[in-house]
Amino acid sequence: MNNPESIYNWEIDHSDPKAENPTIIISVRPYKGLISKWKFIIPAEYIGIINWGISNNNKTSKIKRPRGAIETPVIKLMDGQEVVLKGGIEPISSTKQATIILKSPAPHFLAFGFSEEEDSPPINIEGITFENHPH
C-alpha cells in the first residue's frame, strides 16, 4: 500500500481463500525512522487473531512478542465502537515490523498508530478495511 501521505508502509499477504484455514498477514513499518509505543487497533468482536508481535522485514522471520507488550481490555470509542489494542514499546523500523496474523475472514477494519506516552491512546492512526475481502 503506497499512499504518499502515509506514515506507515503496509504489507498485506492473503493466503489462498480456498485453503482449509486461510489467513491474512499484515505487516506495518515506518517509511523512515523508528516508531515505539505502537498499537494495532482491532474490533473487539473479532476473534480471529492467530499471532501478533514483531518480525524482521523478510518472509521467513518468526514473530515474537515485543518488549513491553500491550494488550488492552475492550475500549469503547466515542462513536460507540468497541476495540482492543495490541502493541508494544519495542520500536519498529524499516527492517523490523509490527505483524499480525488473522484468520479469514478478516475483521471489517484494522488500524495502526503510536502513542506519545505508554498509556495514552494512539495518534497518527491509519487503517484499512476488508469490506470486499473474499470469504
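These are my notebook entries on a predicted model of one protein.

**Ground rules.** I number residues from 1 along each chain as its sequence is written, and side-chain values use heavy atoms, with hydrogens and water left out.

**Entry 1, overall make-up.** I looked up the secondary structure and found ten strands and zero helices. Helices here are DSSP runs of H or I with at least four residues, strands are runs of E with at least two, and numbering starts at the N terminus. Read along the sequence, the order is β-β-β-β-β-β-β-β-β-β.

The C-alpha trace spans about 40 × 35 × 30 Å along its principal axes. I then checked the radius of gyration, which is 14 Å and agrees with the value near 14 Å for a compact globule of 135 residues. That radius is taken over C-alpha atoms, and the globule rule is 2.2 Å times the number of residues to the power 0.38.

Of the 135 residues, 41% count as buried. Buried means under 20% relative accessible area, exposed means over 50%, and partly exposed is in between (1.4 Å probe, protein chains only). For contacts (heavy atoms within 4.5 Å), I noted that residues 24 or more positions apart supply 64% of those with a separation of 6 or more. The protein exposes about 7,800 Å², with 52% of it from carbon and sulfur atoms. Accessible areas come from the Shrake-Rupley method with a 1.4 Å probe, and for residues only the protein chains shown count as cover.

I listed 14 positive and 16 negative side chains, and the centres of the two sets lie 7 Å apart. Lys and Arg count as positive, Asp and Glu as negative; His and the chain ends are not counted. A charge is placed at NZ of Lys, CZ of Arg, CG of Asp or CD of Glu.

Strand 2 covers residues 23-30, and six of its eight residues are buried. Strand 1 (residues 8-14) pairs with strand 2 in the antiparallel sense over seven bridges. In that pairing I found Asn 9 opposite Arg 29 of strand 2. Strand 2 also pairs with strand 8 (residues 96-103), again antiparallel, over six bridges. Here Val 28 stands opposite Ala 98 in strand 8. Two strands pair if DSSP finds at least two bridges between them.

The peptide bond from Ser 104 to Pro 105 is cis, with omega near 5°. Pro 105 sits in the loop between strand 8 and strand 9 (109-114). Lys 37 is not a glycine, yet has a positive phi of about 55°. I placed Lys 37 in the loop between strand 2 and strand 3 (38-43), and its relative accessible area of 23% makes it partly exposed. Asn 124 also has a positive phi, near 50°, but lies in strand 10 (residues 123-129). At 37% relative accessibility, Asn 124 counts as partly exposed.

I looked up Ile 41 in strand 3; with a relative accessible area of 8%, Ile 41 is buried. Its contacts beyond four places in sequence include Val 83, Leu 85, Phe 109, Phe 112, Pro 122 and Ile 125. Leu 110 is another of the residues touched by Ile 41. The C-alpha atoms of Ile 41 and Leu 110 are separated by 5.9 Å, though the two residues are 69 apart along the chain.

Notes. Predicted model: local features only at pLDDT ≥ 70, side-chain atom pairs only at ≥ 80, totals over all residues.
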